[in-house]
Amino acid sequence: MKTIIRILLLLALTLNVSAQIPKHEVRAVWLTTIGGIDWPRSHSAYQQKQELTAILDQLQQANINTVFFQTRVRASTVFPCAEEPWDVCLTGIPGQSPGYDPLQFCIDECHKRGMQLHAWIVTIPVGKWNTNGCKLIRQKYPSLIRKIGDEGYMDPEKPQTGDYLARFCAEVTRRYDIDGIHLDYIRYPETWKLKVSRQQGRQNITDIVRKINHSVKALKPWVMLSCSPIGKYDDLARYKSSGWNANTTVCQDAQGWLRSGLMDALFPMMYFQGNNFYPFAVDWKQHSYGRIVAPGLAVYMLHPREKNWVLDVITREMNVLRELGMGYTFFRSKFFTDNTKGIYTFTKDFNLYPALLPPMKWFNKTAPSSARALTVKRGMSSDFLSWSGARDNSGANYLIYNVYASERFPVDISDARNLIATRYMNQSISIPHKGRLLHYAITATDRYGNESAPTFSSHHAGKPSRPLDFRELIMGHSLKKYK
């Protein structure tokens, strides 16, 4: 443990660390709707759609592959829900419909761009005591909400809290083609005067998680269940959490949820630097139990009105997380797309190529069958690819496809540089070739992320040249490489 921490601290102090770009990596962003602080900036439905697609375009260009879209805000929603009212962010009027379904719109737009969409559900807080959502729940379930100051919270010690949240998450899962349910604030409030033991408190929160897990997985077991725990799980032998951690302070046994299979992934809020970051990142990695952990990074801290961190704080953390094979998550979207301190520019170079999410093999390991045929029709400026015959073996609802291209045959599908389209929904695509003779490979991927063996195009004769950089192919000039 000491050796690992020493190595990582050395890496963190090195400006020019460059890990090989991986084929599988979580690259996520929290897209916040509360108060419209990330989205929406307008109350016009047309303008909201334009704003959201512009944000998603930027994320796609930086090869972000996962969007956490804040769906339940504070006992209010950005989709039509029988239990809770529309959130005020959409129209400026609490409870008023915007005239369209923002969650469905965001799902469709993310999937068009090869990105996953996870419904971000704020669980325990229900907002100010007299806001619409809080009042409605108090009227329906009078004993379920506790008041702390002027805020309302669902009571973790009431079994009905888990029942309510499980029904809510089941409704979202049943109605929408989401890729994940992402739970936020699934813990005791820090202001809660705990009267039960810490062990009992952890059991209360775990019971809620278990109910949500069972409700979601019974409907669509491929939907990834995750949460954003406090950034430090607990005190370490050499590094203390300074009284603020998940397991002891707020009764959030997040590592236990991975171990027991109640969670598929964690996105801990590691909004720290130095010794408050690196040893605790190693701890999350060592207790991931083969599942996904992609720490949240505080890109908002780069802003002068926040902590005014230098860019190197975040970029070094990204390098170390890549070395650890963990991925990363940005909080929050606007600070990233606004290119605060150059973080967007850096990330575009850091993520030169797309990446797939790690497969959830703990649920299903059976890969789809390969496509039976891949045909390539050569055009003046593009190759037109079409394929068919892949078969899903997972019981999920459809397959998606990955497209690889190279000047070498056979195409090496383990090399991220050859990955040119991910999570593609159709069975045909047009690829600009700029006069080059390209070889192609297609793989089918199920909803768990299991990838089939490749189906190759017939190769052209001739001596192969260097590996293809698809962005250079499109842009027509050499790209600056991240070093």
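Some ground rules before that. This is a predicted model, in which local features need pLDDT of at least 70, side-chain atom pairs count only at pLDDT 80 or more, and totals for chains, interfaces and linings use all residues. Residues are numbered from 1 along each chain as its sequence is written, and side-chain values use heavy atoms, with hydrogens and water left out.

Helices and strands are DSSP runs numbered from the N terminus, helices being H or I with at least four residues and strands E with at least two.

Start with helix α6, residues 198–219. How far apart are its end C-alpha atoms? They are 32 Å apart, and the 22 residues at 1.5 Å a residue should span 32 Å, so the two agree. The expected span here is 1.5 Å times one less than the number of residues.

Next, burial. I call a residue buried under 20% relative accessible area, exposed over 50%, and partly exposed in between, with a 1.4 Å probe and protein chains only. In α6 the buried residues are G201, N204, I205, T206, I208, V209, I212, N213, S215, V216 and K217. Contact, when I use the word, means heavy atoms within 4.5 Å.

K211 makes one with D163, with 3.0 Å between the closest N and O atoms. That pair links distant parts of the chain, since K211 is in α6 and D163 in α5, 48 residues apart. K211 is partly exposed at 29% relative accessible area, and D163 is partly exposed at 34%.

The other pair I picked stays inside the helix. R210 bridges to D207, the closest N and O atoms being 3.1 Å apart. Both residues lie in α6, three residues apart, about one turn of the helix. R210 is partly exposed at 32%, and D207 is partly exposed at 30%. Elsewhere, salt bridges with shared partners join D57, E109, K112 and R113 into one network.

By this rule the count comes to 25 salt bridges. One of them is E84 with R72, at 2.7 Å from N to O. E84 sits in the loop between β2 (66–72) and α3 (102–112), and R72 is in strand β2, so the pair ties together parts that are twelve residues apart in sequence. Are these two buried or exposed? E84 counts as buried because its relative accessibility is 4%, and R72 counts as buried at 0%.

Now the sheet. Strands count as paired if DSSP finds at least two bridges between them. Three strands form an open sheet in the order β13-β14-β17, with antiparallel pairing. The edge strands are β13 and β17, each pairing on one side only. Neighbouring strands of this sheet are turned by 20° against each other on average, direction ignored; the axes behind that angle are lines fitted to C-alpha atoms, for helices over the stretch in contact, and angles run from 0 to 180 degrees between N-to-C directions.

β13 (residues 373–378) and β14 (residues 382–388) are joined by six bridges, and the two form a hairpin with three residues between them. V376 has L385 in β14 as its bridge partner, and T375 stands opposite S386 in β14. S386 also stands opposite S428 in β17. Five bridges join β14 to β17 (residues 428–432).

Last, T347, in helix α11 (residues 343–350). T347 counts as buried, with 0% relative accessibility. Neighbours within four places in sequence aside, T347 is in contact with A62, M318, Y328, F330 and F336.

Definitions and conventions. A salt bridge is a side-chain nitrogen of Lys or Arg within 4 Å of a carboxyl oxygen of Asp or Glu.
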